Amino acid sequence: LQNVRIDPSSISFSMWKDIPVPFYMSVHFFEVLNPKEVLQGAKPVLNQRGPYVYREFRYKTNITFHDNDTVSFLEYRKLFFEPNLSNGSEEEYIVVPNIMMMGAAVMMEKLPSFVKFLLSGALAGLKQEAFMNRTVGEIMWGYEDPLIDTINTLVPGLIPFKGKFGLFVELNSSNSGLFTVNTGVKDISRVHMVDSWNGLKKVNYWRSSECNMINGTAGEMWPPFMSPTTLEFYSPDACRSMTLVYEQSGEFEGVPTYRFVAPKTLFANGTDYPPNEGFCPCMQSGVQNVSSCRLNAPMFISHPHFYNADPALVNAVEGLHPSKDQHALFLDVHPLTGIPMNCSIKLQLNMYIKQVSGIIQTGKIKPVVLPLLWFAESGSIEGLVLKQFYTNLVLIPSLMEYLQFIFLGLSAPLIISAAVLKAMSQRTAAEKSPRHPTTQSKPPPSSETTPLLHDAGTLSQDDAEA
């Protein structure tokens, strides 16, 4: 137990501080094949591109231990493109929605008509269109867009940032917020459980106290002696706590594991699953509105290809093929220690687009939740770490168990032999002992000065004379 708590003297501390598991983030983009037709009201036709694979390194800084059995830290991620593992390069061009323009249009839908008229004129002057053709690198890590300054001028505060815009521009070399978690030194059942995030005991993104709760761990390790029920963690990327459910027991490279997966209710709407009402306003089950924590932009998260979602979402576009094998997330955790052995967390980023009256650039686009991309963050313990894990937590305990049976097996014949020898000894003693008729008088009682052996000898002599 001492080796799974967060303590510099524990075996798992270095693994917790600088995760030795090689993580990879694979990104798949959805290219829009018929952008002109979509502007006229046609159903979007999508083509999946990629994967574009990035090696992910995670490390913790600002590690501070507190007197109340907690520790605070910042975890950073660095991503490096892996061309040999990718199906394409970052220089490839892809046609996707103009995220800045379409997002601003939907966000401004309820503003006065003259404001939307001004924006539409500015968009025309900047030659902005509903769809754009940009490189993978630009979409991922950012590109200069004069539209940012224009929107900030027309509607101050609508987009509270400047400079480049990219979907992952804030992910690389950035931290996921200040986590404070339990160390488990005083109570091992609380190890890794989140005490606060950015100083908050709960977030304020959602409409119910239950949905705002910060539950579980930071998603890296869990308390030992896990039960095959549920697994909880807080995800800053999803702005919420997530609960996975036990699916089955198995093994990873000889190490016993519990597999946890996402329940169908994870992204269900409030009608189909009332506890999720706090995440609304909702659309069909299978997508979650994250606009409240994404600058009010019309963004939604889901499983890739709308797996486990309402079929209406899948049928609203062409080119999606949801599959459990390819699109379901999972975590394989060693139940004795709470350490993940193999995992793949998969999420899809979607954007709600539609025709907005007064902004001519939106054409006649029919309302649709349009997939932009999906990504998988995957990793598994391997190499020397796996060998040490298997030796210390599987092989040695198994050997100890076998040795117990061996010692028990060896001791059984000894116990039986000792019992037989004892029985034989008792039988021999019984055969050598004198036999007296039932009518024979009792021997005289022994005195304090006459030893019992002397009495026995006297009795033997009397028997001989008889």
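Analyst: Going by the sulfur-sulfur distance, the count comes to two disulfides, where a disulfide is a pair of cysteine sulfur atoms within 2.5 Å. Bear in mind that this is a predicted model, where local features need pLDDT of at least 70 and side-chain atom pairs pLDDT 80 or more, while totals for chains, interfaces and linings use all residues. Residues are numbered from 1 along each chain as its sequence is written, and side-chain values use heavy atoms, with hydrogens and water left out.

User: What makes C239 and C293 a disulfide?

Analyst: Their sulfur atoms sit 2.1 Å apart, and the limit is 2.5 Å, so the pair passes. C239 is in the loop between β8 (230-235) and β9 (240-252), and C293 is in the loop between β11 (287-289) and β12 (299-302), so the link ties together parts 54 residues apart in sequence. Strands here are DSSP runs of E with at least two residues, helices are runs of H or I with at least four, and both are numbered from the N terminus.

User: Why is the disulfide of C239 and C293 called right-handed?

Analyst: The torsion about the S-S bond is about 85°, so it gets that label. The link of C280 and C282, with -90° about the S-S bond, is left-handed; the sulfur atoms of C280 and C282 are 1.9 Å apart.

User: How do you know whether C280 and C282 are buried or partly exposed?

Analyst: Buried means under 20% relative accessible area, exposed over 50%, and partly exposed in between (1.4 Å probe, protein chains only). C280 is at 10%, so it counts as buried. C282 is at 33%, so it counts as partly exposed. As for C211, it is in no disulfide: the nearest cysteine sulfur, that of C280, is 8.4 Å away.

**Salt bridges**

User: What makes E56 and R58 a salt bridge?

Analyst: The term asks for a side-chain nitrogen of Lys or Arg within 4 Å of a carboxyl oxygen of Asp or Glu. The closest N and O atoms of E56 and R58 are 2.8 Å apart, so the pair meets the cut-off. E56 has a relative accessible area of 2%, so it is buried, and R58 is buried too, at 16%.

User: Which residues do D332 and R259 tie together, and where do they lie?

Analyst: D332 lies in strand β13 (residues 330-334) and R259 in strand β10 (residues 255-261), so their pair joins parts 73 residues apart in sequence. The closest N and O atoms of D332 and R259 are 2.7 Å apart. D332 is buried at 6%, whereas R259 is partly exposed at 23%. Elsewhere, salt bridges that share partners join E56, R58, R77, D237 and E377 into one network. The search of the whole structure finds 14 salt bridges.

**The nonpolar patch**

User: What makes F114, F117, L118 and L154 a nonpolar patch?

Analyst: Patch residues have over 30% relative accessible area and no salt bridge, with nonpolar side chains (Val, Leu, Ile, Met, Phe, Trp, Tyr) joined within 5 Å and like charges within 9 Å. L154 is at 32%, so it counts as partly exposed. The patch covers about 440 Å², an accessible area from the Shrake-Rupley method with a 1.4 Å probe, where for residues only the protein chains shown count as cover. Helix α4 (residues 113-125) gives the most, with three residues, and L154 is found in helix α6 (residues 147-154).
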